[in-house]
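Student: I have a structure to read and would like to learn how to go through it feature by feature. Could we begin with the strands and then move on to the spaces inside?

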Amino acid sequence: MPLRAATFNLENLDDRPGPGPSLDERIAIIRPQLLRLRADILCLQEINGQEPDKNNEARNKGLTLRALDALLVETPYADFHRVSTQSVSGGGVRDKHNLVILSRYPIKDHVQIRHHLVPPPKYHPVTATPPFDTPQEIEWDRPFLHAGIDLCELGMGVLHVVNLHLRAPRAAFVRGRKSSSTEWKSVPGWAEGFFLAMVKRAGQALEVRLFIDSILDEEPDAHLIVCGDFNGGLRECPLRIIRGDEEDIGNGHLTWRVLIPLEHSLSESRRFTVIHCGRAQMVDHILVTQPLLAWYRSSEIHNEALGDEYATPATVPGAPESYHAPVTAEFSLPRIKNAPKGNDA
């Protein structure tokens with residue numbers, strides 16, 4: 001029984017008016033890409049929230065995913081089970097950069113994690129102007145999202161899916177050290193901002209790894225997928241933390257906890273999901289546990305029409321596509337006859 005999982009960063013999907021492309025223009029490009037994925041489980045990143053329609057009875061319940069709803073019309077995903085990240089205030093989804101998991105199969109449970117396992121580290125900035133009197137907490141920019149998907153009807157039980165979007169390796173804000181949104185006043189100020197960004201990235205990755213191991217402690221044979229926009233390659237710090245590669249751990253008895261990057265089954269020439277200044281990079285990944293690897297069959301990266309995220313916007317203002325390529329993985333599951341069907345949570 002085939003099962004297809006996919007991850008796709010849609011890059012600020014929204015319907016708000018502005019200088020960029022309209023939602024209709026974006027839908028015309030992105031919807032065919034979603035249909036091509038033929039995904040049973042689809043993890044999306046950078047889905048913005050919108051104010052409810054003025055006449056909508058739910059207008060007091062906070063932001064909605066109206067733009068995503070419009071994108072999914074006339075696709076199988078419109079009827080999928082869905083979970084998404086929520087605002088801390090409880091007022092619907094987050095304003096920007098929501099994570100969404102769509103599943104053909106019932107979702108038993110879900111949770112978003114942000115500083116639940118790793119408290120914000122404290123640091124006293126050395127270049128801030130005016131200086132701080134006390135150490136400041138370094139908080140992650142966004143949570144990650146976990147869903148337990150009921151695959152009992154396929155004979156697998158629960159599939160754990162973690163959808164994440166790690167911070168990009170760009171310098172974080174340092175008080176008083178920038179003259180504009182893009183210009184720093186000094187190299188030391190930028191350097192400290194870059195250091196803070198690395199702490200945030202590594203902290204996010206550590207929390208993901210701790211969460212994964214909490215599952216493996218309870219279910220050593222867990223079928224688990226970690227996917228999304230990692231904003232980095234396999235040998236960069238966040239990926240190394242999440243993967244827990246045996247060369248880093250130096251303990252063969254822990255090899256069963258290593259997460260496997262499925263892109264390794266593709267030729268090097270195909271391994272890229274972003275082009276930046278002419279350089280092809282793999283920043284979107286699908287990682288799996290060893291037991292799930294038994295049922296893995298193939299991967300695809302739909303990067304044939306991928307533009308350069310740096311050069312294209314300068315030459316084609318208002319380009320409607322995402323500058324990330326979607327990644328898919330297909331598994332062939334051993335469907336059990338008369339397996340009990342799961343119940344939707």
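Student: Which residue in β4 does V83 stand opposite?

Tutor: In this predicted model, V83 stands opposite I101 in β4. Strands here are DSSP runs of E of at least two residues, helices are runs of H or I of at least four, both are numbered from the N terminus, and two strands pair if DSSP finds at least two bridges between them. In this case β3 is joined to β4 (residues 98-103) by 4 bridges, and the two run antiparallel. Residues are numbered from 1 along each chain as its sequence is written. Local features need pLDDT of at least 70, side-chain atom pairs count only at pLDDT 80 or more, and totals for chains, interfaces and linings use all residues, while side-chain values use heavy atoms, with hydrogens and water left out.

Student: In what order do the 6 strands of the open sheet come?

Tutor: The order is β3-β4-β2-β1-β16-β15, and the pairing is mixed. Because β3 (81-84) and β15 (296-301) each have a single partner strand, they stand at the edges, and one side of each is left without a neighbour in the sheet. From one strand to the next, the twist averages 15°.

Student: Which strands does helix α1 lie across?

Tutor: Contact means heavy atoms within 4.5 Å, and angles run from 0 to 180 degrees between the N-to-C directions of axes, which are lines fitted to C-alpha atoms, for helices over the stretch in contact. Helix α1 (residues 23-37) lies across β1 (2-13), β2 (41-47) and β16 (327-332), and runs at about 165° to β1.

Student: How should I read a salt bridge, and how many does a search of the whole structure find?

Tutor: Side chains of opposite charge can pair when their charged atoms come close. A salt bridge is counted when a side-chain nitrogen of Lys or Arg is within 4 Å of a carboxyl oxygen of Asp or Glu, and the search finds 20 of them. One of these joins R16 and D95, whose closest N and O atoms are 2.7 Å apart. R16 lies in the loop between β1 and α1, and D95 in the loop between β3 and β4, so the pair ties together parts that are 79 residues apart in sequence.

Student: What is the volume of the largest pocket, and which residues are closest to its centre?

Tutor: On a 1 Å grid over the protein atoms alone, a pocket is an open set of points with protein on both sides within 12 Å along at least five of seven lines, a cavity is a set where a 1.4 Å probe fits but cannot get out, and lining residues have an atom within 4 Å of a point. Grid points are joined across faces, edges and corners, and a volume is the space filled by probe spheres set on the points. The largest pocket holds about 1400 Å³, and of its 47 lining residues, E11, N12, E46, R170 and E309 are the closest to the centre. β1 gives the most to this lining, with 3 residues.

Student: Which residues line the largest cavity?

Tutor: The largest cavity, with about 40 Å³ of space, is lined by I113, W140, R142, P143, F144, L166, Q204, E207 and V208. Helix α3 (residues 187-218) supplies the largest share of that lining, 3 residues.
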